[in-house]
Amino acid sequence: MKSLLYFPVFYNEGYVKLSELLLESIDKFGNVSNNFDILILTSQEFKTKLEKNNIVKKFNIKFFLFEVDNLYDACITYLRIFEYENINNYKKILMIDADILITGDLNKIFNLSIDNKLYAVGEPGSRKWHYFLWVKSKVRWLPKIAFSCGVFLFNNCNEIKGLFCKVHQHIKTHIREGKKMPSSMDQPFVIYHCINHNNYNNT
């Protein structure tokens, strides 16, 4: 069964150019094989722009279309990956932000043996960027190392599907109730649920 690499391209047209640079870096360093497909989550408008680029044609990119009209919705579309109609064709899934560049063989990542947890890149935790949803007095009891939401590796499994659904619903409710959103948008919500359910690995 294949693996899937996906990334979102929304809201700001500058991300169209960034995604093209990302694809060029995958072409140059990623050791692209038939082991994984590439999927772009984007709007019809940006899909039309992307399809004109030769690097997109080279990879036979797949698209999953959404129409979003605000920054918050743009930031959380990646959480809806399990709504993709062909998601069951894939065993492992790698999510990356469009502003990332690939500098090594992606197959090394897809070949990792992983549990049904969310795998992420660790970074020092702070209340502003990671622990926004906890009251200040609780932060010192939280892990010293949190993680970034720029890269995720996970199995196609019910555990991560459920996690993404909970995070998405939490963010939508938070916004609907008019509560202040954190500077790092979705990141504190993902970390909040991962820590509470102990279903992540940042090492």
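Pro188 sits in helix α7, where helices (H or I, at least four residues) and strands (E, at least two) are DSSP runs numbered from the N terminus. This is a predicted model, in which local features need pLDDT of at least 70 and side-chain atom pairs count only at pLDDT 80 or more, while totals for chains, interfaces and linings use all residues. Residues are numbered from 1 along each chain as its sequence is written, and side-chain values use heavy atoms, with hydrogens and water left out.

Pro188 counts as buried because its relative accessibility is 0%; buried means under 20% relative accessible area, exposed over 50%, and partly exposed in between (1.4 Å probe, protein chains only). Setting aside residues up to four places away in sequence, Pro188 touches Trp129, His130, Phe132, Leu133 and Pro182, contact being heavy atoms within 4.5 Å. Between the C-alpha atoms of Pro188 and Lys136 there are 14 Å, with 52 residues separating the two along the chain.

Eight of its 11 residues are buried, so α7 is largely enclosed by the rest of the structure. Those buried residues are Gln187, Pro188, Phe189, Val190, Ile191, His193, Cys194 and Ile195, and they pack against β5, β6, α6 (158-176) and β7. As for orientation, α7 (residues 187-197) lies across β5, β6 and β7 and runs at about 80 degrees to β6. Axes here are lines fitted to C-alpha atoms, for helices over the stretch in contact, and angles run from 0 to 180 degrees between N-to-C directions.

What comes just after α7? Asn198 does, with a positive phi of about 50 degrees. Asn199 then belongs to the loop between α7 and β7. Asn199 has a relative accessible area of 13% and is therefore buried. Apart from neighbours within four places in sequence, Asn199 is in contact with Lys117, Leu118, Leu163, His193 and Cys194. Over in helix α6 there is His168, which is buried because its relative accessible area is 18%. Not counting residues up to four places away in sequence, His168 touches Ile76, Leu79 and Arg80.

Now for the sheet. Seven strands make up an open sheet with mixed pairing, in the order β3-β2-β1-β4-β6-β5-β7; two strands pair if DSSP finds at least two bridges between them. At the edges are β3 (62-65) and β7 (200-201), each pairing on one side only. In general, strands of a sheet pair through backbone hydrogen bonds, either parallel or antiparallel. The parallel pair β5 and β7 is joined by two bridges, and Tyr119 stands opposite Asn201 in β7.

Strand β1 is mostly covered, with seven of its eight residues buried. It pairs in the parallel sense with β2 over seven bridges, and Pro8 stands opposite Leu41 in β2. With β4, β1 pairs in the parallel sense over four bridges, and Lys2 has Tyr90 in β4 as its bridge partner. Helix α1 (residues 14-29) lies across β1, β2 (36-42) and β4 (90-96), running at about 150 degrees to β1.

Which residues lie nearest the centre of the largest pocket? They are Pro8, Tyr15, Ala74, Cys75 and Asp97, out of 19 lining residues. The elements that give two or more residues to this lining are β1 (2-9), α4 (71-75) and β6 (145-155). About 440 Å³ of space lies in the largest pocket. On a 1 Å grid over the protein atoms alone, a pocket is an open set of points where a 1.4 Å probe fits, with protein on both sides within 12 Å along at least five of seven lines, and lining residues have an atom within 4 Å of a point. Grid points are joined across faces, edges and corners, and a volume is the space filled by probe spheres set on the points. By class, the lining of the largest pocket comes to 12 nonpolar, four polar and three charged residues. Ala, Val, Leu, Ile, Met, Phe, Trp, Tyr, Cys and Pro count as nonpolar, Asp, Glu, Lys and Arg as charged, and the others, Gly among them, as polar.

The second largest pocket has a volume of about 210 Å³. Its lining has 13 residues, with Leu112, Tyr119, Ala120, Val121 and Leu153 nearest the centre. Here β5 (118-124) and β6 are the elements that give two or more residues. The lining of the second largest pocket has 10 nonpolar, three polar and no charged residues.
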